[in-house]
Amino acid sequence: MLFEELQIAAVNVRNPESLYKLLVTDLCGEKYFRDFETRLKPQIEAFISISSHDGLNYEQFNELLLLFDQDRVTRAFFDFFFGSNGPLKLDALPTCIARFRGFAMLAFGDFRFAYKKLCCLDADGLRQKLGPYSKTTEDLASEFSSRPVPALKIEKIPRSETWCLGYIAKGVYENEATAVASQIKESHSTALMKQAEVYQQLGERIKQVEAQGLRNTDVYLTWDYMDVYVATSMRKKWEFEETAEFVSALFSHESIRKLRLRYFDPTQSQCAYRIDKGLVEALMLKRARCTVYMVQESDTMGKDSELASTLAQGKPVIAYVPRIDDIEAHAGKLYEYPLDFFKIRFQVLQAEGVLDDPKLRPELSKIEPDFIKFINEFLQSMALYRQDQPLSLWSERDKEFKLNSAPFKSICKLLATAESFNFNKRSRTLREIHPLSLQVHLESGVANGVLVVRSVNDCAEILSKLLTNSLSFSIEEDARQGCTILKEKISQSPFRVVTNYEKMANSFWNFYLRSGY
Amino acid sequence: MSEFNIKLVPPSDPRLYEQRTPSYLLDVSVLEDLKEAIKTAKAAPKSSEEK
């Protein structure tokens, strides 16, 4: 783990008063302390001289702390934060203090409390208090890569069939299959019989995929390790497919493959009842080291609860918000989506005011000058088509409609542009605006922030680094928000914070620290 | 007028939680009914219009 704090790096450690403040406030976390006493100047200069030439050894470092009226530290503390490779050179001091402050933010959410708790611990105590953060990258990488393969493997359900596990998608099937069965009792036309057989094959396939999903759940329950939970919302067919595509891309990424991670993929799991499903997911959330949360077109209570549950357990959440840079390519992808997707998305984007956003309107107008009228006319033509052909799972007929619909390509482009804008907006909300993108670890009281990424590559990189303690952070004083932020460098997201609102902090820790953490 | 006079009742609405059985699995009776209807339709003599 690397920590950088520019404000501390800029401190002139050769100035006695600056050195005093650096140690007392930035290392020991004191807020109320005695003003610098000039009578100490010659003694501090002696320490500066020693540390500039030979470096301060452990004992000398403690003597300096006592000179500043601060608690001494243990050998284990000194070795962990200030390095065990010989005496501490003066120029290295700011980097070492930034390292301590980074760990303090990660594990305690408070500098003073962290110092008081950690300065007196031996190596075992430090490992216990710093938990997973205390392990080295080399040890973790070696632990992951030397893991045995599981005895039981997941039976892969192809992306195009993952929707067969969907409770709501299956409801659509049952509804439409019942309507078809009812109709062929009255009419036996060749086209209708053909469609009835398509629905029969589909039903048989759903049964097979369900059986696979049930077996897969049993397999997940046997696994010794569970590293990653994927939180997603899957109601519609396209949501299953998008999730399956993302999960496959993420876990086949080079930086992830070598770690031999085990992950819970919801597109591969089925339960017979809602109670079981809720409990299985709760167990997977408890077992996993972190959650990857997919920001999709819509978010649901289930997925948001999984994000909250992960943060409340003090575990990291990586939120993946797709970034759509190539509008033409995305429009091409949308062309293949079911027609109902367009109806729902345009209606939602319109209802949420996205299509009226003054920043988006000029972009949409370039595609179609009167884009609202254009979209509404398309939705009307689709409604008429649906009256004639109400079976949403009959994709062949929908393809014909798309081919015969002159404006359909422009419709795809309009939707791709609007979705791109919407995802950018949601990414910003999650990273910079929403107060609940940081939630408190219920045991320790530490505020735990969501790491927001915009590409599969970044998601893979951050996941790999997160699990091997090799992330880089900057510690930044944020006057605008009245706090100090531990910002993760790939995602540029706040991972931890220390507030300047002292009354709240005092009240907060009074209640949290009673839990005996 | 629908091409096949098919009406979806209730409408094909995604919010079907309350309309389904407690099970998360496919209601196999739907599939059995469909299979039976296909079998019956195949066995029935075809009218000239249906041919």
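Two helix pairs in a predicted model

Student: How do H17 and H19 of chain A pack, at what angle and how far apart?
Tutor: Helix H17 (residues 339-351) and helix H19 (residues 371-388) of chain A pack at an angle of about 135°, their axes 11 Å apart. Axes here are lines fitted to C-alpha atoms, for helices over the stretch in contact, and angles run from 0 to 180 degrees between N-to-C directions. Helices are DSSP runs of H or I with at least four residues, strands are E runs of at least two, and both are numbered from the N terminus.

Student: What is H17(A) relative to H19(A)?
Tutor: H17(A) is oblique to H19(A) because of that angle. Under 35 degrees counts as roughly parallel, over 145 as roughly antiparallel, 65 to 115 as roughly perpendicular, and the rest as oblique.

Student: Where does this model come from, and how is it numbered?
Tutor: This is a predicted model, where local features need pLDDT of at least 70 and side-chain atom pairs count only at pLDDT 80 or more, while totals for chains, interfaces and linings use all residues. Residues are numbered from 1 along each chain as its sequence is written, and chains are lettered from A and ligands numbered from 1 in the order in which they are written.

Student: Which residues meet between H17(A) and H19(A)?
Tutor: A:Leu339, A:Lys343 and A:Phe346 in H17(A) meet A:Ile375, A:Leu379 and A:Met382 in H19(A). Contact requires C-beta atoms, placed from the backbone, within 7 Å. By class, the contact has five nonpolar residues, no polar ones and one charged. Ala, Val, Leu, Ile, Met, Phe, Trp, Tyr, Cys and Pro count as nonpolar, Asp, Glu, Lys and Arg as charged, and the others, Gly among them, as polar.

Student: New topic. How many helices and strands are in chain B?
Tutor: Chain B has one helix and zero strands. Helix H1 of chain B (residues 28-43) packs with helix H11 of chain A (residues 190-222) at an angle of about 145°, with axes 10 Å apart.

Student: Which residues of H1(B) meet H11(A)?
Tutor: B:Leu31, B:Leu34, B:Lys35, B:Ile38 and B:Ala41 do, and their partners in H11(A) include A:Met193 and A:Tyr199.

Student: Why does B:Lys35 count as partly exposed?
Tutor: B:Lys35 has 17 C-beta neighbours inside 10 Å, so it counts as partly exposed. A residue is buried with 20 or more other C-beta atoms within 10 Å of its own, exposed with 12 or fewer, and partly exposed in between, with C-beta atoms placed from the backbone.

Student: How much of chain B is buried?
Tutor: Buried residues are 14% of its 51 residues.

How values were computed: Contact = placed C-beta atoms within 7 Å.
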